[in-house]
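Please study the structure before reading on.

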Amino acid sequence: MTRHILTTAAAVAALALGGCGRSDETAATNAAVTDTTIANTTADVSVAPAKSAGQAFADTVATSDAFEIESSRLAQQNAASTGIKTYAGKMIAAHEESTAQLKTAAAAASPAITPVATMTADQQAKLAAMRTATGADFDRLYVEAQKAAHTDALAALRAYAASGDVASLKAFATDLSPKVAAHLNMANALKV
């Protein structure tokens, strides 16, 4: 926005200087161009509304669930360890369930919230690396990703449970925190 104001100010100054010593017709044309420039510059400025804390939380949890489900599906196909494949199956079931619970809690908000799962660049990069890894390399990448994802999810859940602004999401976060802590403990116990 500051850039637009500076651009507009520069245009006004240039046109004003250009109009010095010219006829009234040229000055009128310059004024019209300046008015149009200002109108077009301010019309281009639009500010997207900020996400509410509840929407941001719901999106974070939905994205985390989506990542954990997708990476666990890859683990069921590509992991070398049976223990990791078993863990992956548990994560798919648990995160599909938490996604359903999140949608219910978000729908109970007033106004209703629709969780949006958009994976981050980091999550996409981790998935891409897992898609090309095999054997023990895959197992290591998957376990590292699960530890990081569950650590981040647990922090978000605990923070929202403590100070969230949507009662249904706050209750959801409080209920889910111990489950995610258990998932993190399970991930920490995996042997790679």
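**Exercise 1. Determine whether lysine 51 is buried or exposed, and identify its salt-bridge partner.**

Step 1. Lysine 51 has a relative accessible area of 55% and is therefore exposed; the classes are buried under 20%, exposed over 50% and partly exposed in between, with a 1.4 Å probe and protein chains only.

Step 2. The partner is aspartate 59, with the closest N and O atoms 2.7 Å apart. A salt bridge is defined as a side-chain nitrogen of Lys or Arg within 4 Å of a carboxyl oxygen of Asp or Glu.

Step 3. Aspartate 59, at 7% relative accessibility, is buried.

Before continuing, note the basis of these values. The model is predicted, so local features need pLDDT of at least 70 and side-chain atom pairs count only at pLDDT 80 or more, while totals for chains, interfaces and linings use all residues. Residues are numbered from 1 along each chain as its sequence is written, and side-chain values use heavy atoms, with hydrogens and water left out.

**Exercise 2. State how many salt bridges the whole structure holds, and locate the one between glutamate 96 and arginine 73.**

Step 1. Glutamate 96 and arginine 73 form one with an N to O distance of 2.9 Å. Glutamate 96 belongs to helix α4 (residues 82–107) and arginine 73 to helix α3 (residues 53–78), so the pair ties together parts 23 residues apart in sequence. Helices are DSSP runs (H or I, at least four residues), numbered from the N terminus.

Step 2. Glutamate 96 is partly exposed at 39% relative accessibility, and arginine 73 is partly exposed at 39%.

**Exercise 3. Describe the salt bridge between glutamate 144 and arginine 140.**

Step 1. The closest N and O atoms of glutamate 144 and arginine 140 are 3.6 Å apart.

Step 2. Both residues lie in helix α6 (residues 135–163), four residues apart, which is about one turn of the helix.

Step 3. Glutamate 144 is partly exposed at 44%, and arginine 140 is partly exposed at 35%.

**Exercise 4. Describe the surroundings of histidine 95.**

Step 1. Histidine 95 is placed in helix α4 and is buried, with 4% relative accessibility.

Step 2. Apart from neighbours within four places in sequence, histidine 95 contacts Asp65, Glu68, Ile69, His150 and His183. Contact means heavy atoms within 4.5 Å.

**Exercise 5. Determine how α4 and α7 are oriented, and which residues make their contact.**

Step 1. The axes of α4 and α7 come within 10 Å and cross at roughly 170°. Axes are lines fitted to C-alpha atoms, for helices over the stretch in contact, and angles run from 0 to 180 degrees between N-to-C directions.

Step 2. The two helices, α4 and α7, are therefore roughly antiparallel, a term for angles over 145 degrees.

Step 3. The residues in this contact include His95 and Met91 of α4, and His183 and Phe172 of α7.

Step 4. By class, the contact of α4 with α7 has 11 nonpolar, five polar and two charged residues. Here Ala, Val, Leu, Ile, Met, Phe, Trp, Tyr, Cys and Pro count as nonpolar, Asp, Glu, Lys and Arg as charged, and the others, Gly among them, as polar.

Terms used: Angles under 35 degrees count as roughly parallel, over 145 as roughly antiparallel, 65 to 115 as roughly perpendicular and the rest as oblique.
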